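Let's take a walk through this model, one spot at a time. Keep the viewer open as you read.

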Amino acid sequence: MGSQIELAQKALLLAGRALLGLYFIVPGIMKVLGFEGTAEAMANQGVPMVTVLLVLTIIIQIGGGFCLAAGIRTQAVAFVLAGLTLVISIFMHSFWAMEEGIQQAHEMQNFIKNMAIMAGLMCVAGTAKPS
């Protein structure tokens with residue numbers, strides 16, 4: 001019975017890490033493919049050093065996503081991705097600085113969703129065995 005529970009826990013952790021990893025890999029790839037548009041959106045939100053931070057974001061998203069999914073340095077990677085998620089949320093989904101309406105509601109939903117993703121990453125960082 002105990003080994004079945006352990007097996008189920010490992011399978012769930014693997015599936016969760018894979019899905020969280022995918023959440024970063026796909027947007028990272030999309031940022032590469034739409035580099036100019038993403039840079040423009042970042043500049044419009046007042047992000048400093050857009051090119052440098054966009055390249056860094058792409059590296060962290062794609063590399064970190066793969067590492068998280070593969071279980072490589074899981075605690076550290078989850079912690080870094082949680083921090084990146086917070087920074088992106090503050091800069092790119094600043095619903096508090098918008099007038100009420102559909103766009104504000106959309107950005108608030110994205111912000112809250114990102115906080116949930118961050119919470120999942122923090123759970124991974126807090127429960128993963130150091131690698």
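**From a glutamine to an aromatic cluster**

Start with Gln-61, which you'll find in helix H3, residues 50–70. Helices here are DSSP runs of H or I with at least four residues, and strands are E runs of at least two, numbered from the N terminus. Before going on, note that this is a predicted model: local features need pLDDT of at least 70, side-chain atom pairs count only at pLDDT 80 or more, and totals for chains, interfaces and linings use all residues. Residues are numbered from 1 along each chain as its sequence is written, and side-chain values use heavy atoms, with hydrogens and water left out.

Is Gln-61 buried or exposed? It counts as buried, at 4% relative accessibility; the cut-offs are under 20% relative accessible area for buried, over 50% for exposed and partly exposed in between, with a 1.4 Å probe and protein chains only. As for what surrounds Gln-61, setting aside neighbours within four places in sequence, its contacts (heavy atoms within 4.5 Å) include Phe-24, Pro-27, Lys-31, Leu-81 and Leu-84.

Two of those contacts, Leu-81 and Leu-84, take us to H4, where both are buried. Thr-74, Val-77, Ala-78, Ala-82, Thr-85 and Ser-89 are buried in H4 too. What do the buried residues of H4 pack against? They pack against H1, H3 and H5. H4 itself has 19 residues and reaches 26 Å from its first C-alpha to its last, close to the expected 27 Å, a span worked out as 1.5 Å times one less than the number of residues.

Now for the rings. The structure holds four aromatic pairs, meaning rings of Phe, Tyr and Trp (its six-membered ring) with centres within 6.5 Å; planes under 30 degrees apart count as stacked, over 60 as edge-to-face and the rest as tilted. One of the pairs is Phe-95 with Phe-111, edge-to-face at 5.5 Å centre to centre and 65° between the planes. Phe-95 lies in the loop between helix H4 (74–92) and helix H5 (102–127), while Phe-111 is in helix H5, so this pair ties together parts 16 residues apart in sequence. Both Phe-95 and Phe-111 are buried.

Trp-96 and Phe-111 pair edge-to-face as well, at 5.5 Å centre to centre and 85° between the planes. That pair also links the loop between H4 and H5 to helix H5, 15 residues apart. Trp-96 is partly exposed, with a relative accessible area of 48%, whereas Phe-111 is buried at 13%. Taken together, Phe-95, Trp-96 and Phe-111 form one aromatic cluster.
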